[in-house]
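Hello,

Please find the structure below. My notes on its salt bridges follow.

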Amino acid sequence: MAGEPQDDCLFCKIVAGQIPATVVRETDTTVAFRDINPQAPTHVLVIPKAHYPNAAALAAGAPELAADVLRETQAVADDEKLDSYRVVLNTGGGAGQTVFHAHAHVLGGRGLQWPPG
């Protein structure tokens, strides 16, 4: 069920403290931690603590929580002192989503070309 922790979800296990992560921010509804395979000098993931399989499901099922995630991307950028940055929300395997728990990537600290690769 949407919003409920999933036993087989890597990010749900991070939220539960079962798997370690380098947490940079945490609120009542979100956790932000460093990506283990960074694609930029700053690469932080911001996830809702509640499980939603992707950004579309999060937006449809819990728009206030989606707003919390986006608000935290700005807070991460501020904490990391990023003048410019990119926020990426992949939805579906064809778009590059590999963990099916909604999450936003905050990327910065280098030039980011467009279109992305």
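Which residue forms a salt bridge with Lys-49? The partner is Glu-26, with the closest N and O atoms 2.9 Å apart. A salt bridge here is a side-chain nitrogen of Lys or Arg within 4 Å of a carboxyl oxygen of Asp or Glu. Glu-26 sits in strand 1, and Lys-49 in the loop between strand 3 (42-48) and helix 2 (55-61). They are 23 residues apart, so the pair links distant parts of the chain. Helices (H or I, at least four residues) and strands (E, at least two) are DSSP runs, numbered from the N terminus.

The model is predicted: local features need pLDDT of at least 70, side-chain atom pairs count only at pLDDT 80 or more, and totals for chains, interfaces and linings use all residues. Residues are numbered from 1 along each chain as its sequence is written, and side-chain values use heavy atoms, without hydrogens and water.

The count comes to five salt bridges. Asp-79 and Arg-25 form one of them, at 3.0 Å, N to O. Asp-79 is in helix 3 (residues 63-79) and Arg-25 in strand 1 (residues 23-26), 54 residues apart. Another joins Asp-68 to Arg-71, at 2.6 Å between the closest N and O atoms. Both lie in helix 3, three residues apart, about one turn of the helix. Shared partners join Arg-25, Glu-72 and Asp-79 into one network.

On accessibility, Glu-26 is exposed at 52%. Lys-49 is partly exposed at 26%. The cut-offs are: buried under 20% relative accessible area, exposed over 50%, partly exposed in between (1.4 Å probe, protein chains only).

Best wishes
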